[in-house]
Amino acid sequence: MTTEVLRYTAFSGDPAGGNPAGVVLDAAGLDGPAMLAIAAGLGYSETAFLTDPPHDLGGEPGRAFTVRYFSPKAEVPFCGHATVATAVALAERIGPGELLFATPAGTVPVSVTAEPGEGLRATLTSVAPHVEEIADADLAEALAALDWPATDLDPALLPRIAYAGARHLVIGAGTRARLADLSYDFARLEALMRRLDLTTVQLVYRESPTVFHVRDPFPVGGVVEDPATGAAAAAFGAYAREAGLVPQQALLTLHQGEDMGRPGILTVELRPGDPRVRVGGAGVRIA
């Protein structure tokens, strides 16, 4: 039996942009090691594997699934871009609408819409997020691994660890040029991230009150940089709200992948009275 591995990109309507993900719509015959082997062979930052949902998940019949995510090196609890890619792949087969995913991080609803002339767009709703401080010594180690002097940081964006399904260290760059100049010690940053249980380090430059440019080193996943990171975008939304950078109701735009030649756009929506974060973007199949 052969397993069909689909290839989609998320957060772009162009196959050459955004973040590629593998999607296996029927992974019922695969165990964890087999999934990891497929993800490693594909080489994308993550691949999503779908099986039947748990009995108590709820959702519309035929539109609820269990999802596991694997990088080339390990299973991860949640992956935003692979969720968007999977939702678009499903919508092409069963139509746009509401989906429900049981992930290792929790239940994630996804809404897929089709706009005339714009293709399919998926918006995920994160699990409940939280934000925590990072120890001074750990921050110093992260900056040393990045080769970023503390004087190059944006003092308005205090470094924090943010979670919305996976843990990400958020660090603010003082200039767009600082963000563009990324050449880091892969092994050193990986060691720190494993110790702190981080999925990526999200490096952020604030262009305007609602527009940000971001980059995400991902050595723990076996890749130097993630082109578009939905889980980190959700975590950043929670971070921005808690830090008072944005109002309780806000729509943010994150540009990612430009410095890699794979530009993508992620939208981050915050709603008053709801701690969860909504992350949306386009998706399209890679031929």
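# Close-up views of a predicted model

**View 1. The largest cavity holds about 70 Å³ of space.** On a 1 Å grid over the protein atoms alone, a cavity is a set of points where a 1.4 Å probe fits but cannot get out, and lining residues have an atom within 4 Å of a point. Grid points are joined across faces, edges and corners, and a volume is the space filled by probe spheres set on the points. The structure is a predicted model, in which local features need pLDDT of at least 70 and side-chain atom pairs count only at pLDDT 80 or more, while totals for chains, interfaces and linings use all residues. Residues are numbered from 1 along each chain as its sequence is written, and side-chain values use heavy atoms, with hydrogens and water left out. The largest cavity is lined by 14 residues, and Glu46, Cys79, Asp226, Thr229 and Ala231 are the closest to its centre. At least two lining residues come from each of helix 2 (80-94) and helix 6; helices (H or I, at least four residues) and strands (E, at least two) are DSSP runs, numbered from the N terminus. By class, the lining of the largest cavity has five nonpolar, seven polar and two charged residues. Here Ala, Val, Leu, Ile, Met, Phe, Trp, Tyr, Cys and Pro count as nonpolar, Asp, Glu, Lys and Arg as charged, and the others, Gly among them, as polar.

**View 2. The second largest cavity holds about 40 Å³ of space.** Two cavities of 30 Å³ or more are found in a search of the whole structure. Residues lining the second largest cavity include Arg176, Leu179, His213, Val214, Arg215 and Met260. Helix 4 (176-180), strand 13 and strand 15 (250-256) are the elements that give two or more residues to this lining. Strand 13 gives the most, with three residues. The lining of the second largest cavity divides into three nonpolar, four polar and five charged residues.

**View 3. The largest pocket has a volume of about 270 Å³.** A pocket is an open set of grid points with protein on both sides within 12 Å along at least five of seven lines. Of the 17 residues that line the largest pocket, Val76, Pro77, Asp197, Leu198 and Thr199 lie nearest its centre. Strand 5 (75-76) and helix 5 are the elements that give two or more residues to the lining. The lining of the largest pocket has nine nonpolar, four polar and four charged residues.

**View 4. Helix 5 has buried residues along one face.** Leu189, Glu190, Leu192, Met193 and Leu196 are buried in helix 5. Seen down the axis of helix 5, these buried residues fall within an arc of 165°, so they line one face of the helix; the arc is that of the directions from the helix axis to the C-beta atoms. Buried means under 20% relative accessible area, exposed over 50% and partly exposed in between (1.4 Å probe, protein chains only). Ala187 and Arg195, on the other side of helix 5, are exposed. The buried residues of helix 5 pack against helix 3, strand 11 (167-172), strand 12 and strand 13 (211-218), where contact means heavy atoms within 4.5 Å.

**View 5. Asp147 and Asp197 have positive phi values.** Most residues other than glycine have a negative phi. Asp147 has a phi of about 60° and is found in the loop between helix 3 (136-146) and strand 10 (160-163). Asp147 is exposed, at 58% relative accessibility. The phi of Asp197 is near 55°, and Asp197 is in the loop between helix 5 (186-196) and strand 12 (200-206). Asp197 is exposed, with a relative accessible area of 53%.

**View 6. Six aromatic pairs are found in a search of the whole structure.** Rings of Phe, Tyr and Trp (its six-membered ring) pair if their centres lie within 6.5 Å; planes under 30 degrees apart count as stacked, over 60 as edge-to-face and the rest as tilted. The ring centres of Phe65 and Phe101 are 6.3 Å apart and the planes are at 65°, so this pair is edge-to-face. Phe65 in strand 4 (residues 64-70) and Phe101 in strand 6 (residues 97-103) are 36 residues apart, and the pair links distant parts of the chain. Both Phe65 and Phe101 are buried. Tyr69 and Phe78 also form an edge-to-face pair, because their ring centres are 5.8 Å apart and their planes are at 85°. Tyr69 is buried at 0% relative accessibility, and Phe78 is buried at 3%. Ring pairs link Phe212, Phe236 and Tyr239 into a cluster.
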